[in-house]
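Try each one yourself before reading the solution.

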Amino acid sequence: MKCLVFGLLMLMHGSCFAQYFTGPVPAPVMGYGSFGTHAVDSVLFVNPADSTFVSFVYFPKDISAPAPTVFFLGGNGANTPYGYRPFINLIVSKGYSVVFVPSPTSQPTLTRYHNLNTGFRYAVKNYPRLIDTTRIGFVGHSFGGGASFAIAYDFFKHDNWGSNGRFIVTSAQWYSYAISQQQLENYPENTRLLSFIYDEDAVCDHRMAIDIFRNISIPKEEKDMVYIRSSDAGNYAYDANHVAPNTLHCYDAMDHYTLFRMTDALMDLVFHGNESARKVALGNGHVLQISMPVGLAELEISDTISVRRSESYYGYNYSSYRNPRRNYHVEEPMIVPWISVAVHPAKTQDSIIVYGAEGTAFTLENALGEQVLSGTLPTCEETIDLTPLIPAVYILNCGGERMKIIRQY
């Protein structure tokens with residue numbers, strides 16, 4: 001049975017979950033953000049701390065020496081790397097290795113941190129020919145973005161990983177646990193930081209990313225915060241929302257010209273010392289950094305990006321009891337009511353994700369007011385499968401909120 005399961009995993013892994021590039025703006029074919037020349041290979045391993053899902057090391061197929069390595073931390077529900085495969089493939093195609101370790105959402109946050117830490121260490125110990133721990137980076141989305149600071153700190157400070165170059169890239173950052181104010185104020189030297197926030201991210205309060213960015217002791221010239229706006233090109237919408245970094249939602253030019261391009265330049269700067277890459281990676285608003293192709297909104301980059309929405313806009317609020325850093329205000333406290341529940345997407349063919357409703361009961365009603373589904377959401381980010389239901393309009397009742405959901409054909 002175990003052999004059969006492993007065979008199925010290999011088959012799934014080999015298929016790469018075909019993700020098709022969409023939209024009228026083409027991907028770059030050269031320079032930062034374009035694919036490199038190295039073919040991608042991989043090995044699978046089981047994390048000794050948690051064997052629920054398989055972990056991966058991706059590496060250049062022609063590798064002849066340990067390569068600079070990126071440790072990838074996915075968002076809640078990212079139990080496989082497939083939603084990030086175009087990004088991972090681009091990183092490896094440039095000659096670097098990537099380690100992806102899942103962290104099941106059903107587990108407590110600090111347990112997930114421990115499991116990520118253990119899985120990364122296991123990969124380094126067992127695949128030394130693929131991984132150069134003197135040049136490393138951490139890339140995190142949502143949950144993984146918030147977790148990257150504490151996990152990277154441990155490796156930087158106690159193991160001296162990244163002694164020849166280290167960075168952190170976060171997107172749509174969630175809460176950051178297990179990192180103290182003192183540790184942020186004494187963050188390891190030679191760390192670079194890129195923090196991406198998305199204008200229409202209704203899940204993670206921008207204050208989370210702004211708080212860490214302002215308090216971490218990385219010099220201003222070695223960190224940038226990137227504000228990404230949605231765009232319309234013809235009849236195609238480039239949505240700058242919470243799931244934008246996950247290409248299972250949508251894979252298009254916004255991925256390549258924002259997150260991919262600037263991370264690519266940052267790796268060139270950090271791993272190879274190429275100072276010409278600084279204008280794109282950490283240019284503090286340099287024209288080469290903010291310029292976008294026709295059809296995409298220009299980027300805003302600053303060390304002092306301010307909060308633009310009240311906490312009522314977000315599913316996960318900065319002031320929530322769930323945020324261990326809720327007392328480190330990034331602005332004067334805003335006395336506003338806020339909702340604790342958010343849902344994405346509102347229109348779907350298969351499932352929805354409910355954010356911020358840990359331990360909360362829910363019901364789903366049809367247009368006649370009849371209950372067709374009910375249950376309890378055990379964690380802060382839960383998927384509700386709608387495939388047993390017919391395509392129609394439904395009302396989700398959860399946490400005192402009534403939200404319209406459309407199941408499409």
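**Exercise 1.** Find the nearest side chain of opposite charge to Arg407, and work out what holds the Arg407 side chain.

*Solution.* A salt bridge needs a side-chain nitrogen of Lys or Arg within 4 Å of a carboxyl oxygen of Asp or Glu. Here Lys and Arg count as positive, Asp and Glu as negative, with His and the chain ends not counted.

Next, check the backbone: a polar atom of the Arg407 side chain lies 2.2 Å from the backbone oxygen of Leu389, and one lies 3.1 Å from that of Gln349.

A word on the source: this is a predicted model, where local features need pLDDT of at least 70, side-chain atom pairs count only at pLDDT 80 or more, and totals for chains, interfaces and linings use all residues. Residues are numbered from 1 along each chain as its sequence is written, and side-chain values use heavy atoms, leaving out hydrogens and water.

**Exercise 2.** Which side chain does Asn366 join in a polar contact?

*Solution.* Then look at its side chain: a polar contact of 2.8 Å links Asn366 to Glu370. Such a contact is a pair of N or O atoms within 3.5 Å; within protein, one must be able to donate a hydrogen and the other to accept it, and residues adjacent in sequence count only if both atoms are side-chain atoms.

Conventions. Buried < 20%, exposed > 50% of the residue type's maximum accessible area, 1.4 Å probe, protein only.
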